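Student: I am new to this structure. Can you show me how to read its strands and helices?

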Amino acid sequence: MATIAKISNGASAASALNYALGQDRPMHEKTEQWLQDHQLERPVELTNCRAVAVGGTNGIDPFIAKEQFDVIRQLHNQTKESNQVLRITQSFALDELNPKVQKDWQKANDLGVELAENLYPNHQSAVYTHLDGKNHVLHNHIIVNKVNLDTGKKLREQKGESVQRARKMNDRLASRENWHILEPPKERQTETEKELIAKNEYSYMDDLRERINKSLQDVSVSSYETFKERLSDNGVILSERGQTFSYAFLDANNKQRRARETRLGSDFGRETILHELENRTRQNEFRAVEQREPAITPLERDTQQRESEIVSLEQAIEPRKSEALKRESKINRFIDTIKQLAGRVPELTQRVTRKLKQTKEKILDDFERRFSKDMKNYEQEQQQNLEKQTHRDVQSEKKPTKDHDRGMSR
């Protein structure tokens, strides 16, 4: 019963990718302690990440996916913040993939990569596998760049189309693994409602769905209270009945209507909506942290703090050199990734490779220039000290002694 738990648009690619990788972010639901209790260790490269396995399509390195997504958006002039990515949540049952078995972490990620490749072969995708949450169920966060690598156009799909395609492909993967396949969730429409929709006439149930969707369109709606207020603004009263939502409103004919989530469909259920609101809250937190982070680079920060003494100068040079080498390694990885796209986007390879080489040369030249300047300043300081000492010695030799003065007076 591998399922597609949720598909939604993401306004900011950086926020979605940051949340999915979760670098230097604590896990949820006391997962760190759970991992220790079961003697489970994340891969070394993911030690400080929420993700326990990562992968990607079309040459994507999950650790620098933000930069790779951004390059494609800039190349095709698709840099607006509006709906940059598609987010797919793929979940696996405990009897399918066991979170206590580490090889199942990678298998979950491989299945997520395969799903992304089949659904969006001409788009970049990054796949991050998590296990923090209720019962530590393995689930994938699949982030798809909406810009088509071949055409440069943005992904456009009809309402519900992406969900149906994803569930159909996911069912194929589940069938191959001999897993149970769930019946696809359906909107429970009466025959009367179906006839009204077919005739393009007013349906209060369809009206209710539109009002709920409208309340969720604004990505700033990220809490249950805000969602409830937004529903009220759209004329809908939300109440909870046990573990389900119930909606009430006055329809276009001013008649009072009420419907439980089971009549509207799974996308309007309590679990689905609260899951979406929780994701938005976490992504907004990541975005706020990004905005607070200073724009200054580590190399510039080290340069500003350098000291004039030779011992401090030597200590400052080593971290700068190390940082420059790290940047060079990262840039080389980026160049290798771009080369994988050479057959599909040659213009991108030429422009980006040239730019990255220039950046690499600038970083190394800047390091060499600063090092030379610091050494020159130190040499000048030593020369000045030597000249001052020589001057003091000369003055001391010129000054006559007392015995010498008495001999001269005779």
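Tutor: Start with a turn. This is a predicted model. Strands E6 and E7 make a hairpin, with two residues between them. In that turn, Gly242 has a positive phi of about 70 degrees.

Student: In which sense do E6 and E7 pair, and over how many bridges?

Tutor: E6 covers residues 236–241. Its pairing with E7 is antiparallel, over six bridges. As one example of facing residues, Glu240 stands opposite Phe245 in E7.

Student: Which strand lies in the other hairpin with E7?

Tutor: That is E8, and five residues separate E7 from E8. Asn254 sits in this turn, with a positive phi of about 60 degrees. E8 spans residues 256–260 and pairs with E7 in the antiparallel sense, over five bridges. Here Tyr247 stands opposite Ala259 in E8.

Student: Is E7 mostly covered or mostly open?

Tutor: First the general idea. Side chains in a regular strand alternate between the two faces of the sheet. Now the case here. E7, residues 244–250, is mostly covered, with six of its seven residues buried. Buried means under 20% relative accessible area.

Student: How do I read a helix?

Tutor: An α-helix has 3.6 residues a turn, so residues three or four places apart point the same way. Take helix H5, residues 161–176. Its buried residues are Ser162, Val163, Ala166, Arg167, Met169, Asn170, Leu173 and Ala174.

Student: What span should H5 have?

Tutor: At 1.5 Å a residue, its 16 residues should span 22 Å. The end C-alpha atoms are 23 Å apart, so the two values agree.

Student: Which residue with a positive phi follows H5?

Tutor: Asn178, with phi near 60 degrees.

Technical notes: Residues are numbered from 1 along each chain as its sequence is written. This is a predicted model: local features need pLDDT of at least 70, side-chain atom pairs count only at pLDDT 80 or more; totals for chains, interfaces and linings use all residues. Side-chain values use heavy atoms; hydrogens and water are left out. Buried means under 20% relative accessible area, exposed over 50%, partly exposed in between (1.4 Å probe, protein chains only). Helices (H or I, at least four residues) and strands (E, at least two) are DSSP runs, numbered from the N terminus. Two strands pair if DSSP finds at least two bridges between them. The expected span of a helix is 1.5 Å times one less than its number of residues.
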